[in-house]
Amino acid sequence: MGFFDNLLLSIDEGITGLFAQWNVYTSIIFTLFAGIITWQISTRQEPDTHPFLLARQAQGSPVRQPGESPVYRSQAAPHGMPLNAGLNVKDPGASKWARGRDGDLRDIWRQAIAGVQEEGPNKGTKGRILTVEGVEHVVEHSLDDLTRQINLIGQHILNQGGNRVAIYLPNSVELIATLFACAFYNLSPIILPFDQPTDAIISMLRRSAADTVVTAPGSFPFDVVVKSYPSLRQLVWVVDEGSKHMDWNEVPQGTGGSVNVSTWQDIIGEAPITAGKDLPPLENQSEAVDVTIFWQNKSGETEEMVRFTASNLTAAVASQLFTVPTVKRIGPSDLFLPADSLANTHTLALTLGALYSNASVAFNSAAPQAPNLTVATTGIAPTVVVATPAALLKTHEETAKTFSGTVAKDLHWLQTRSLKDGIFPESGFLTNYYQSAFRPTFGTEPGKLRIVLVAERIGADTPKLSSSVLSDLRLYTGARVMYALTAAKVAGAVAQTGYYDYRVFDNEKKACSHFGPPTTSVEVLLRDKDGFRNSDELSQGEIIVTGPSVAGKRAALGVVGYIRDDNTLAYA
Amino acid sequence: MDYVQQRVAQEAAKDGGASSGFFTPLNLILLAVVFYTTFSFLKPKTPLAIPKEEPAVVFRTFTPRTLLPYNGENNQPVYLAVRGRVFDVTRGRNFYGPGGPYANFAGRDASRGLAKGSFDEDMLTKDLDGPLDTLADLTRDELEAMAGWEERFQEKYLVVGRLVAVGDEDKEETKE
């Protein structure tokens, strides 16, 4: 026999010998193997978005100024195109193809009461406006009723000679209604952060030169303010149901003789039933009013007063609407809950955006102080929530404790891996089990929540969220979590992480996630500051923001940031 | 066929119950395959890395003399200036680079030439250290022609700097 015959024989013998060892265990292992392959093939999924879109999220300008980085813009608002400046409002009767107006606050309310205008199954659907009181009590407000309140309150303040209206209210229907009343009746609204010490309130009133205050009894130190702020001319109490019977119009003896005091409920109740049904006409309406806000810095520092034009705000609303992809956009089937203070323009812009999208909006005055997401969403089943970083961090901490078992941990690891591959686990055997067994419930109906928005506020010492915390929160809530960078002088957000961006990074600077690309209404550049110098390789320095949603068109934010390899903005 | 028969007989003669344990070589091989497959499925995919963008060009202030080297020779980019703005026209090298019909403009202030529609040497400012061409003597039509060129340049090419006379480098850029 030749060499090859020998070789073939030994191979033959070897293989036969090997397979002669086939036994029951072999069959089990083989079945397992076949099972794994089948599982993988049948559950194989494409990532939710193309990885290229995450690998480079913003566009740098081809030319940069010395000492500055290139100018970065969102891929959705490329260089050479105008930035997203408005809502593209189409007036009735205008040509379908004509470019719409940028719009202002008035157009947002008009759209809210008109219902969905686009052709389709939802045409004419209007959102609902709810107030959550206490744990379970939910009150619905009719839109016609709110329009009447907007008209009557606006007319009342105007007739009493008001001009600059400070709104010192918790998150409530009345806050939004007063804002719209000011917009329709040409009054300048000033939104004060709620729950402030007396001297801060007085200082804010003084700096903003307010002559009218809309506020709630119990939270506003009337006597002290009247004494130390004589320019106050008018005060409107928003009285809750329980204390309606009391005579709030009575001004304490010796104080505030010159202040005209009334209550919201009386203004509405004493007007004829037919009064105030129609909004002021669209034709020949006056210029839109500016909105003043106070940005709360870290405790102990004075609030920063910022005056936004109406177009700053609409640009912010438009760019916030743009951050959610068209197929997933907020619409009439959504219930939106602002669980962060409406005095923050990010929350305000999103809330106005929800109203403009004809989504239902729920107000809960206690939500911004809620310790966690479960408390914030009590009584309702929101689909979109704006939450505070503190509440989310607490929610993460509390939920992570319940994931102590091996099964829970492994399953969570597996789900995180799916997120890292760009796939949001929404269905499938393991995901369903994960949801039913481990996921906490937010709101009254599980599984409804789909978007959670959260913002880092520059200078306010808000707790920072790392990308791994954000990733865990995506799994705990079952919602897309978007993290924004917000600043006093920029309405809405400076930058915001993408809807489909679930990536997790280790070794993040300051244990803080990146903030995604600039929003579509701003462009961002970094200017040399201290040790942070720009070069061909690295863009870093003080964050400078320009665009239609920036008060005064351009603002230096005072903090240093850098542009990462995927062209997202992060703290340096 | 002999061989087959022989082998069958050989195998039949063997003791059939020799391998009933779990840790047979076959099982170990199969297990290894199973573990490897599972591992490769579970291993996180390496994130996609795309090459870094070209670094941005730093905006510069040129004088006629420092602009001069950028005429496309020796693999230099091709720059030309129109009314104080320096355009990078390297992409139009066939026109503005060496040997092209507009080669005279490369590295120079091309305002007057573009306005008059002439590519001659005498359209250029001779004195590199003197003041910039004020273009004060141009007619309305010529100014319009120049504005047209400027508009086209702005659409097609990048503004990479500004041109000032020697000695004016530190003056603030006049905003339009």
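Predicted model: local features only at pLDDT ≥ 70, side-chain atom pairs only at ≥ 80, totals over all residues.
Residues are numbered from 1 along each chain as its sequence is written, and chains are lettered from A in the order in which they are written. Local features need pLDDT of at least 70, side-chain atom pairs count only at pLDDT 80 or more, and totals for chains, interfaces and linings use all residues.

Chain A is divided into domain 1 (3–42), domain 2 (51–83 + 316–571) and domain 3 (143–287), with bounds from an automatic or database domain assignment. The C-alpha centres of domains 1 and 2 of chain A are 51 Å apart.

Helices (DSSP runs of H or I, at least four residues, numbered from the N terminus) H13 (residues 389–402) and H16 (residues 467–477) of chain A pack at about 70°, with axes 10 Å apart; axes are lines fitted to C-alpha atoms over the stretch in contact, and angles run from 0 to 180 degrees between N-to-C directions. H13(A) and H16(A) are therefore roughly perpendicular (65 to 115 degrees). Residues in contact (C-beta atoms, placed from the backbone, within 7 Å) include A:Leu392 of H13(A) and A:Tyr476 of H16(A).

The axes of H4 (residues 105–114) and H11 (residues 345–356) of chain A come within 7 Å and cross at roughly 40°. A:Ile108, A:Gln111 and A:Ala112 of H4(A) meet A:Leu352, A:Leu355 and A:Tyr356 of H11(A).

In chain B, the unreviewed UniProt entry annotates residues 62–164 as "domain: Cytochrome b5 heme-binding"; such annotations may be inferred rather than shown by experiment.

Technical notes:
Helix = DSSP H or I, 4+ residues; strand = E, 2+ residues; numbered from the N terminus. Parallel < 35°, antiparallel > 145°, perpendicular 65-115°, else oblique. Contact = placed C-beta atoms within 7 Å.
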